[in-house]
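This report walks through the fold shown below, beginning with the sheet and ending with a few individual residues. Please keep the sequence and the structure at hand while reading.

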Amino acid sequence: KPGEQKHPKEPSSLQCMHLAVVACGDRLEETLIMLKSAVLFSNRRLCFHIFAEDSLKPEFEKKLKEWPSSYTKKFESNFYPITFSVGNAQEWKKLFKPCAAQRLFLPVILKDVDSLLYVDTDVLFLRPIDDIWQLLREFNSTQLAAMAPEHEIPKIGWYSRFARHPYYGTTGLNSGVMLMNLTRIRSTQFKNSLIPGGLTWEEMLYPLYQKYKNYITWGDQDLLNIIFYFNPECLYVFPCQWNYRPDHCMYGSNCRGAEQEGVSILHGNRGVYHDDKQPTFKALYEVIRDFPFEDNLFQSLYYPLQSKFLDTVHTLCGRIPQVFLKQIEKTMKKVYENRVIVYLGANHRY
């Protein structure tokens, strides 16, 4: 179509959806459950980029190899040490949670990757990654990354009440799910509060951190908010169902997109998979964790989930089980239909 933006793609991105995660400390299991949810539902091949402390790498490799071959053939995994290309590595490591700042350096490290989905370890996919990957096509000519707002309602949002540094929009951004066109990020000159001209992504990171380090609470997420405050035209904002957190239901339901479409990506921040404060989040985590790969999705995943949810109806998040179940049910129906069609097709040949 005339005037339509053409998006260059490197050859491997045609076969592969790139997913990056940074895992340090005790995040091994959480990361594996996230990767499992990605593989369970996705259609196209996945390329995992796992940034981990050296001590975790052998365990990651061992666990991933234990998955059945029908799943291991759906992805390839690449491992990287934790490295910071500019500034003081120890300072970056201590910023917010161990190693979290690594995500800021992905455009610099993954030089051959065109586009990438970064997620925190405490994320679960409730539908195919293919669906969020499609959003790259919706970027206009200046957009190079996509994130969801930190909050829907300014009066209860963190940034709108407490932030002492610039942040994007009225409620700031949550960086736990971040879709990036790395090619564009590498070639853009960013406006900033440091010099009158533009700076590249890599040039900007450390001076920006130095300028604001006494004012930031949430580490790398705050730095991303500062960057997109000065460069709002570079950001595509996706709705809250793509990064659904306890904040969206623990004060009453405030994510309209999830009410209409169901949760697409669940983000169990605040450690809710591991305590009893938000049993709906914990139920989803445990059911995906315990799902035996080759079993029937409805029998071994959906029905246990429904029965676990019955125990959570006394909580604010548990009062809206359809929000959590809608997408996962739709996704499982599709997976089931595809398998039946493939099975019938295979039998039909003989």
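Predicted model: local features only at pLDDT ≥ 70, side-chain atom pairs only at ≥ 80, totals over all residues.

An antiparallel pairing is found between strand 6 (residues 145-149) and strand 7 (residues 173-181), which are joined by four bridges. Within these two strands, A148 stands opposite N174 of strand 7.

Strand 1 (residues 16-23) has eight of its eight residues buried, so it is largely enclosed by the rest of the structure.

With strand 2 (residues 45-52), strand 1 pairs in the parallel sense over eight bridges, and H18 stands opposite C47 of strand 2. The chain passes from strand 1 to strand 2 by way of helix 2 (residues 28-41), and this β-α-β crossover is right-handed. Strand 1 also runs parallel to strand 4 (residues 115-119), to which two bridges join it, and here L19 stands opposite L117 of strand 4.

## Helix 2 against helix 13

Two packed helices are described by the angle between their axes and the distance between the axes. For helix 2 and helix 13 (residues 279-290), the packing angle is about 75° and the axes are 10 Å apart. Because angles of 65 to 115 degrees count as roughly perpendicular, helix 2 is described as roughly perpendicular to helix 13.

On the side of helix 2, the contact is made by E29, E30, I33, K36, S37 and L40, and on the side of helix 13 by Y285, I288, R289 and D290. Sorted by class, this contact between helix 2 and helix 13 comprises four nonpolar, one polar and five charged residues.

Helix 11 (residues 220-230) is mostly covered, with nine of its 11 residues buried. These buried residues are D220, Q221, D222, L223, L224, N225, I226, I227 and F228.

H165 is found in the loop between helix 8 (158-162) and strand 7. With a relative accessible area of 5%, H165 is buried, because residues under 20% relative accessible area are placed in that class. Which residues does H165 contact, leaving aside its neighbours within four places in sequence? With those neighbours set aside, H165 is in contact with Y159, Y212, Y215, I216, D222 and I226, and both D222 and I226 are among the buried residues of helix 11.

## Other individual residues

V113 lies in the loop between helix 6 (106-109) and strand 4, and at 7% relative accessibility V113 counts as buried. The C-alpha atoms of V113 and G197, which are 84 residues apart along the chain, are separated by 27 Å. R184 belongs to helix 9 (residues 182-187), and at 12% relative accessibility R184 likewise counts as buried. Between R184 and Y167, which are 17 residues apart along the chain, the separation of the C-alpha atoms is 22 Å.

Is R270 buried, partly exposed or exposed? At 48% relative accessibility, R270 counts as partly exposed, and R270 is found in the loop between strand 9 (265-267) and helix 13. Most residues other than glycine have a negative phi. R270, although not a glycine, has a positive phi of about 65°.

Technical notes: Residues numbered from 1 in each chain as written. Heavy atoms only, no water. Buried < 20%, exposed > 50% of the residue type's maximum accessible area, 1.4 Å probe, protein only. Pairing = 2+ DSSP bridges. Right-handed = clockwise from strand over helix to strand, strands pointing away. Axes fitted to C-alpha atoms, helices over the stretch in contact; angles between N-to-C directions. Parallel < 35°, antiparallel > 145°, perpendicular 65-115°, else oblique. Contact = heavy atoms within 4.5 Å. Nonpolar A, V, L, I, M, F, W, Y, C, P; charged D, E, K, R; others polar.
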